[in-house]
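Have a look first, then work through each solution step by step.

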Amino acid sequence: MAIAKAERLMNLALCLLGTRRPLSKRELRGSIEAYLEAGSDDSFNRMFERDKDDLRELGLVIETVENLDGDTGYLARRDSNRLPPITLDAEEAAALGLAAKVWQQARLAGAASGALQKLRAAGMPEAEDAYEVHSALEPRIPVHEAAFEPLMLACRDRRPVTFDYRKANSAAPEQRQVEPWTLECWRGHWYLAGWDRGRGAERVFRLSRITGRVRSRAGAFTADVPDVVTVRETVESWAGETATRTARIRLRAGAGYPLRSRAISVTERGDGWDELEIPYGHGLDAWLVEFGPDVVVEEPADLRADVVDRLRAVAKD
């Protein structure tokens, strides 16, 4: 059915772009096979109105013109639907080439490669690739979670989803109904930001804690989607980027270099442990748990309790 609709939309777009005069509904119905197969006039009218709205949502400019006889016609003028020429300088071309190399996901890598080929065929300058010869480093955004692709598509299509989610301090997963907004990568982990229908509030989910399949649901979003910058700030806050106070921890000597790089101060204790003062924000407890026995929280007490709860939940699995 999805293929049939895509074909119908393509045929309607070609008819509207290929005409020099407005076409009436009757003429369009006689030109497109799917409309000919509509069971009744009402069925055709509903199908046509949905298709017209879908094309407009995709960016096609469709004009509605009323002739002298009072009939309504439709057309999409080519000059109104022609993209301006794409001009890129060498630095912009280099940035696009670098971005295309970031993705390891096979589906995204193919799309990025194809887009670059089309831009180069259109005259985009060939930029020197600093990562091709002169460096052993190559940027990557790893995507290992099976939930990434269905959630990426759901964010793009604005489709609600359900999935089973296991919180870091819970032994068993629970089902969540979410309106997905965007995916963000932070500190090597992918996060989904969206509206949790069950809790009636925005939430952030770490993809590695999603278990089982991500299932799409019909229907429109019930909550407004915020600006992408606001969503990114939300992800950073939930993942621990926004610090509101400091914490004091003991860290085994020679371990926990990511923690050391963010420390405000480091004091050598001389007993095989160092004492660190680090920024404390939402999500720090989950990060500290990843270092296992190499980290001991001294204060504050609420952070220590959260870390202990998470470790106990892990021990139960």
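**Exercise 1.** Which residue in strand 6 is the bridge partner of glutamate 179?

*Before you start:* this is a predicted model, where local features need pLDDT of at least 70, side-chain atom pairs count only at pLDDT 80 or more, and totals for chains, interfaces and linings use all residues. Residues are numbered from 1 along each chain as its sequence is written, and side-chain values use heavy atoms, with hydrogens and water left out.

*Solution.* Step 1: find the strands, which are DSSP E runs of at least two residues, numbered from the N terminus (helices are H or I runs of at least four). Step 2: check the pairing, which takes at least two DSSP bridges between two strands. Strand 5 (residues 174-186) and strand 6 are antiparallel and share 8 bridges. Step 3: look across from glutamate 179, and you land on tryptophan 195.

**Exercise 2.** Follow strand 6 onward and describe its surroundings.

*Solution.* Step 1: strand 6 (residues 189-196) has 6 of its 8 residues buried, so it is largely enclosed by the rest of the structure. Buried means under 20% relative accessible area, with exposed over 50% and partly exposed in between (1.4 Å probe, protein chains only). Step 2: strand 6 also runs antiparallel to strand 7 (residues 201-206), with 6 bridges joining them.

**Exercise 3.** Work out the strand order of the open sheet made of 3 strands.

*Solution.* Step 1: the order is 1-3-2, with antiparallel pairing. Step 2: strand 1 (23-24) and strand 2 (63-66) stand at the edges with a single partner strand each, so one side of each has no neighbour in the sheet. Step 3: strand 2 meets strand 3 (residues 72-75) through 4 bridges, and threonine 64 has tyrosine 74 as its bridge partner in strand 3.

**Exercise 4.** How are the rings of phenylalanine 163 and tyrosine 165 arranged?

*Solution.* Step 1: rings of Phe, Tyr and Trp (its six-membered ring) pair if their centres lie within 6.5 Å; planes under 30 degrees apart are stacked, over 60 edge-to-face, the rest tilted. The structure holds 9 such aromatic pairs. Step 2: here the centres are 6.4 Å apart and the planes at 65°, so this pair is edge-to-face. Step 3: phenylalanine 163 is buried at 0% relative accessible area, and tyrosine 165 is buried at 6%.
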